[in-house]
Amino acid sequence: MINAAVGRPRINGMEATYFFDPACPFTWNTSRWLVTVAAERGVTLRWRAFSLSILNGGNTPAQYKPMMDASSRALRLVEALRADNRHDDIAVFYTELGTRTFEAEAPLSDEIVEQAAEAAGISDAKTVLDDAAWDQNVRESHEFAFGSAGPDIGSPVLLIEGAERGVHGPIIKGVPEREEALAIWDATVPLARSRTFFELKRGRQ
């Protein structure tokens, strides 16, 4: 279908999986863009874990370790909810996390993770947050995402229905207004589905 107002194709009705680390601010920006687009384009969102701690081989600078440890606990809950197909609960949990961290300009912490889970209405969340058995699920999700879009990538990874591989990003410095958000989506989908395209990049300022 062609949007006559702007002369670009509209990309409607599909599934997209978003692999994310809740400690990453750029990942948060992209997630808010994606949520906006999903409502407009009829996209069904799935949420999965991407671990920057795993990506960095556990070599986290001391000042960031509490934040990354909290992120690892949060990702346990993400994968536990995903195993029950509770993607809407993951979306609410991530929104509560981002609101308490990036929107409030506060570092991610164990306390914030537990508060976000409670605010999202997830019962018995602490049991999962403290259960290291879920770390294997997190690793499997991370490795799937990395294998889909890597190498030389980080969080987030977006895997769009109809695409053979995922993409890292799109990386945005803020959440765009509606028209720009939709334009980015309508450009991202065909690029992600292309078998020949692999990179479009410019330096950060």
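Biologist: Why are H1 and H8 called roughly perpendicular to each other?

Modeller: Helix H1 (residues 25-41) and H8 pack at an angle of about 85°, their axes being 9 Å apart. Angles of 65 to 115 degrees count as roughly perpendicular, those under 35 as roughly parallel, those over 145 as roughly antiparallel, and the rest as oblique. H1 and H8 are therefore roughly perpendicular. The axes are lines fitted to C-alpha atoms, for helices over the stretch in contact, and the angles run from 0 to 180 degrees between N-to-C directions.

Biologist: Where do these numbers come from?

Modeller: This is a predicted model, in which local features need pLDDT of at least 70 and side-chain atom pairs count only at pLDDT 80 or more, while totals for chains, interfaces and linings use all residues. Residues are numbered from 1 along each chain as its sequence is written, and side-chain values use heavy atoms, with hydrogens and water left out. Helices (H or I, at least four residues) and strands (E, at least two) are DSSP runs, numbered from the N terminus.

Biologist: Which residues in H1 meet which residues in H8?

Modeller: From H1 come Trp33, Leu34, Val37, Glu40 and Arg41, and they meet Arg178, Ala181, Leu182, Ile184, Trp185, Asp186 and Thr188 of H8. This contact (heavy atoms within 4.5 Å) has seven nonpolar, one polar and four charged residues. Here Ala, Val, Leu, Ile, Met, Phe, Trp, Tyr, Cys and Pro count as nonpolar, Asp, Glu, Lys and Arg as charged, and the others, Gly among them, as polar.

Biologist: What makes H3 and H5 roughly parallel to each other?

Modeller: Helix H3 (residues 65-83) and helix H5 (residues 110-119) pack at about 25°, with 8 Å between their axes. That angle falls within the roughly parallel class, so H3 and H5 are described that way. Their contact joins Asp69, Ala70, Arg73, Ala74 and Leu77 of H3 to Asp110, Val113, Glu114 and Ala117 of H5. By class, it holds five nonpolar, no polar and four charged residues.

Biologist: And what is H4 to H5?

Modeller: The axes of H4 and H5 cross at roughly 135° and come within 8 Å. That makes H4 oblique to H5. In this pair, Phe93, Glu96, Leu97, Arg100 and Thr101 of H4 meet Ile112, Val113, Gln115, Ala116, Ala117 and Ala119 of H5. The contact has seven nonpolar, two polar and two charged residues.

Biologist: What makes glutamate 105 stand out?

Modeller: Its phi is near 55°, a positive value in a residue other than glycine. Most residues other than glycine have a negative phi, and most peptide bonds are trans. Glutamate 105 sits in the loop between helix H4 (87-101) and H5.

Biologist: Which peptide bonds are cis?

Modeller: One of them runs from serine 155 to proline 156, with omega near 5°. Proline 156 lies in the loop between helix H7 (135-149) and strand E5 (157-160). Another runs from glycine 169 to proline 170, with omega near 0°. Proline 170 is in the loop between E6 and H8.

Biologist: Which residues lie nearest the centre of the largest pocket?

Modeller: His168, Pro170, Ile171, Leu200 and Lys201 do, among the 37 residues of its lining. The largest share of that lining, seven residues, comes from H8. A pocket is an open set of points, on a 1 Å grid over the protein atoms alone, where a 1.4 Å probe fits, with protein on both sides within 12 Å along at least five of seven lines; lining residues have an atom within 4 Å of a point.
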